[in-house]
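Dear colleague,

I am passing on the structure below, and I would be glad if you could look through the backbone with me.

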Amino acid sequence: MNDLNLGWNELSAEAKTTAGSLIVAHNAPKTHPVLLQTGVSKVYLDTLNGVTIFSANGSKIKHASLILKHSTNTILRNLEFDELWEWDEATKGDYDKNDWDFLTIEDDSKVWIDHCTFNKSYDGGVDIKKGSSGVTISWSFFKGDDRSPNSWVSQQISALENNRSAYAMYNYLRSQGLSADDIIAVSSGQKKQHLVGATEFASENANLQVTLHHNYYKDMQDRLPRLRGGNAHAYNIVMDSSGNWGAKKLISDSLAAALSAKGYHFGVTSNGAISTEGGAVLIEKSQIIDMYYPLRNNQADPNNPAYTGKIFALDTMYSLDGTSFRGNSNESNSPLSPVPAPLIPFAWNGFTTLPYSYANDDPSVLRSRLLANNGAGAGKLNWSKEKWLLTELPTESAPPGAVTGLSASTSTDNSGQVSLTWNTVDRADYYNVYRSISHAGPYEAIADHLTANTLIDLALIGGTTYYYVVTASNVGGESAKSVEASVSIPLPNTAPTTVITSYSNGRYLNVNTPILTWTFNDPDAGDIQTAFQIQASSDNWTTISTDNGVIADAAELYTMGALTDGEWALRVRTKDRNGAWSEWAYRSIIIDTVAPTATVSYSALNPTYQDVVATILPSESVTVTNNNGLTQFTFSQNGSFTFTFEDAAGNTGSEMAAVNNIDKTAPITIDDAPKGWVNKDITVSLLADDMGSGVAATYYAVDGSTPQTGNRVTITSEGIHTLVYWSVDHAGNVEEMKSLSIHLDKTGPSIQLMLDKTTLWPANNKTVTVTATVYSSDNLSQVDSIVLTSITLNVPDDGVGQMIRDAQYGTLDTSFILLAKKASGETDLVYRVTYTAVDKAGNKTDAIASVTVPHDQSGKK
């Protein structure tokens, strides 16, 4: 029978018409390139009582969700469900839109799912709802995507990769450093599997009864099962989440936080079996691999016991990251102890013991048995159609015949392994192998329930002879032992070990022909190195860049050919004379033959009065070999300094730092201001000079006024003025402030002159002594001198120089002699006496007084 492609677009119009409401279009696909073409259907199997649906050859049902409703005594066998998952952008990876489950069981009883395979689906695999009871899922294989190049998930990611900008979440994941392969790895696990009880605290949940046995769950993330009320019994199942556990480590804590901040759901959940709302789940003689929370008892509110369920693991094997445990969940420090709520003691709901009998396998053999050619999943058993329709196989009345053709051989590599083979036996369900170190026993069982007719016996002791027998078993019992086969294990040749002695990991080299040295160690007495092999890779062993081949030599030194600059991984292995190779010994080096360079940055580029710090900026990580190893040099004056440095490989370089912008000397400003008092407006010139960075500005202030900039200061108001001035250069040096006084007096002194005689009479041609009284004052510069300036006549001097006598001009002469003589004619003779007062600014003021010799005293002319 061929696969059933039941996508809505794959069904003919006739099929849709005939099926009516039993087949309808499901939620439309949005991203997967195949489903966008096929569509998805929802198929209702309603009131199928006493019906078996099977495939004789394990055919697939694709692109459809099946809903089994209101049915009893319904069986599904040897079917594979596939191609019902797509990438979820619509709910940002929460997978809460399409509602595609492979199979939903609703309001049913006595449903048996046997030897089926369920691949990755959008939502759940098999959900059990609305009080369904008597549901058994056995010998079935549930698996995520296998990540192969053309797998279902790989096809989806390839489509997203070809149009990244159209898918915001996918594009964001790629932008955060995740590769397409990383996204495939994280997406490959099945998000959910068995939801048992869909509605919180529904009264019908009490009727839920599910049995899971001999199922293999590969890379499931959650719900194995997830029970609300009722009872679930899981025995001899394997929860193998090893692929998921590796993928989970691809999402760092920082990336997880960034995704959460954007509302994206992308990661790996790691839950096993879950019991809630008073449900009872028993996990018995099973195996759980790499699942962080193997058992949970609450998924809503750990502080509310109404949400807590009962769950117990009995004689179950558990392993995570190399640690292992076998036992019960209630043992001290058991990693199977349920979380996160306080424990409720386990008890079944509605009965005290299970209402059926069953036989358990030892959990240590489950993986080999379920993964065997006749193990769990569809297409594993080559049965007739009639046999698939049987609900019970005929009971064998007798055990099978004895095993024949048993042979035992050792491995050619002296590893201490024995290969056993034997002929198959009719009516045998499985085989049991026994071993002894004595002929004819006693024997101990080393393997049972083997479905294959071969076995590799490992880790045997060299120099010992082992004896084997094999039996065949079925429900009728165990056969007689086979004829004994024996084999002697030679003493093992221990492989040598190689230890690289040259360099350390991460060592930088400035030569491209590294010299590898190593030591050969072999515990076998007298063993020697007979050959070695060296390889190199520049891409962490994605490719092998250099391989010197096998060199037959006992030397423990080898000079490699020229390698390019960059990171290199090197490895060496050696061979002993018995042909055993050591494991590879690894060393990582970095070849760098290029000398480092550097530029220099400066704390200041413009003129400055401060120290300048020069810092080298190397082209790679270096060690400064001078300057006390410091990358900074402080210049307190202009000059140069050469840094020398060395990179990790020993390549050397140098770079000179030069500074010529330091100026720590302030400018000097002089003035041409006059000394002492002056009697006219003053313009002072300020002349500044700076031998370094140059004068930036000259500042001055008069009499405490707001400072101004400029080189000329004009003062026009009288008085004593204070002029302060200073200059600043381009480096910021500020000259110490200078101060001078400006004395400006433009007003002459006051002067008063009084003569003791203003009239000389009689005019008798006699001399008369005249005495002058002179007073002078000055409010600013003060009087500097008072002198007799002149005595003049209003008529010619008839006395030929004898009319004025004893007058000392240019001195403060206050007594002089005048001649009382009439002028010729009728004019009065007038002597004009002038005194001059001069202040210290040079201002002059004259005082004039007259002495008259009247022509007569009658008042007549």
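**Backbone notes**

Proline 762 is found in the loop between β58 (750–755) and β59 (766–777), and the peptide bond that joins tryptophan 761 to proline 762 is cis, with omega about 5°. Please bear in mind that this is a predicted model.

A cis peptide bond also runs from glycine 441 to proline 442, where omega is near 5°; proline 442 lies in the loop that connects β30 (430–436) with β31 (444–450). As background to these entries and to those that follow, most peptide bonds are trans, and most residues other than glycine have a negative phi.

Turning to phi, aspartate 99, although it is not a glycine, has a positive value of about 60°. Aspartate 99 sits in the loop between β8 (80–82) and β9 (103–106), and its relative accessibility of 42% makes it partly exposed, because that class covers the range between 20% and 50%.

Histidine 214 is a residue other than glycine with a positive phi, here near 55°, and its place is the loop between β16 (209–213) and β17 (216–218). Is histidine 214 buried or exposed? Its relative accessible area is 5%, and histidine 214 therefore counts as buried, since the limit for that class is under 20%.

Definitions and conventions. Residues numbered from 1 in each chain as written. Predicted model: local features only at pLDDT ≥ 70, side-chain atom pairs only at ≥ 80, totals over all residues. Heavy atoms only, no water. Helix = DSSP H or I, 4+ residues; strand = E, 2+ residues; numbered from the N terminus. Buried < 20%, exposed > 50% of the residue type's maximum accessible area, 1.4 Å probe, protein only.
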